[in-house]
Amino acid sequence: MLWLKALHIIAVICWMAVLFYLPRLFVYHAMSDDDISHQRFIIMERKLYFGIGMPSLLATLLFGFWVMSYNPSGFMQGGWLHAKLSLVFALVIYHIICYRLMQNLANKQHPRSHIFYRWFNEIPVVLMIAIVLLVVIKPF
């Protein structure tokens with residue numbers, strides 16, 4: 001069980017690193033105006049998303065649900081877990097939105113400015129803080 005928790009935490013850290021860095025790449029990509037930079041950002045974003053992001057997202061979910069499977073009734077009694085899972089679902093949606101934004105940037109169809117991406121980059125930070133507080137404090 002402790003090994004699973006450790007693997008879950010490692011996967012979460014890797015996934016969050018992607019969710020913090022990928023939108024930062026979007027900021028710079030939206031600011032780029034030459035084709036060489038554009039192509040470089042396409043490669044960097046794709047490798048980050050598919051090489052680290054997707055595997056760590058899947059590992060996070062796999063190990064998280066595996067940990068919960070050891071005591072499903074005990075876990076489901078805490079309201080904090082329902083709130084946490086809702087926020088994790090929001091992060092999964094955010095991850096999917098990142099894919100769409102990545103495609104739009106690659107196709108040079110990005111109607112949003114770098115300022116939008118700077119604000120967009122803050123969403124996973126807020127969600128992560130809320131998730132950690134729920135897991136550690138278990139307020140309800």
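Axes are lines fitted to C-alpha atoms, for helices over the stretch in contact, and angles run from 0 to 180 degrees between N-to-C directions. Helices (H or I, at least four residues) are DSSP runs, numbered from the N terminus. This is a predicted model, in which local features need pLDDT of at least 70 and side-chain atom pairs count only at pLDDT 80 or more, while totals for chains, interfaces and linings use all residues. Residues are numbered from 1 along each chain as its sequence is written, and side-chain values use heavy atoms, with hydrogens and water left out.

**View 1. Packing of helix 1 against helix 6.** Helix 1 (residues 2-31) packs on helix 6 at an angle of about 150°, and the two axes are 9 Å apart. The two helices are therefore roughly antiparallel, a term for angles over 145 degrees. Met16, Leu19 and Phe20 of helix 1 make the contact with Pro124, Val125 and Met128 of helix 6, where contact means heavy atoms within 4.5 Å. By class, this contact has six nonpolar, no polar and no charged residues. Here Ala, Val, Leu, Ile, Met, Phe, Trp, Tyr, Cys and Pro count as nonpolar, Asp, Glu, Lys and Arg as charged, and the others, Gly among them, as polar.

**View 2. Packing of helix 4 against helix 6.** Helix 4 (residues 79-106) and helix 6 (residues 123-137) pack with their axes 9 Å apart, at an angle of about 160°. Helix 4 and helix 6 are therefore roughly antiparallel to each other. The crossing of helix 4 past helix 6 is left-handed, that is, the near helix is turned anticlockwise from the far one by less than a right angle. From helix 4, Trp80, Ala83, Lys84, Leu87, Val88, Ala90, Leu91 and Tyr94 meet Ile123, Pro124, Leu127, Ala130, Ile131, Leu134 and Val135 of helix 6. This contact has 14 nonpolar, no polar and one charged residues by class.

View 3. His95 lies in helix 4 and, at 1% relative accessibility, counts as buried. Buried means under 20% relative accessible area, exposed over 50%, and partly exposed in between (1.4 Å probe, protein chains only). Residues up to four places away in sequence not counted, His95 touches Trp15, Leu19, Tyr49, Gly53, Met54 and Leu57.

View 4. Phe41 is found in helix 2 and is buried, with a relative accessible area of 14%. Beyond its neighbours within four places in sequence, Phe41 is in contact with Leu25, Tyr28, His29 and Ser32. Phe41 and Phe26, 15 residues apart in sequence, are 8.1 Å apart in space, C-alpha to C-alpha.

**View 5. The salt bridge between Asp35 and Lys108.** The structure holds one salt bridge, defined as a side-chain nitrogen of Lys or Arg within 4 Å of a carboxyl oxygen of Asp or Glu. The side chains of Asp35 and Lys108 meet in this salt bridge at 3.6 Å, N to O. Asp35 lies in helix 2 (residues 35-69) and Lys108 in the loop between helix 4 and helix 5 (114-120), so the pair ties together parts that are 73 residues apart in sequence. Asp35 counts as partly exposed at 46% relative accessibility, whereas Lys108 is exposed, with a relative accessible area of 53%.

View 6. Most residues other than glycine have a negative phi. Phi of Lys108, however, is near 55°. Lys138, in the segment after helix 6, has a positive phi of about 45° although it is not a glycine. Lys138 counts as partly exposed, at 43% relative accessibility.

Definitions and conventions: Parallel < 35°, antiparallel > 145°, perpendicular 65-115°, else oblique.
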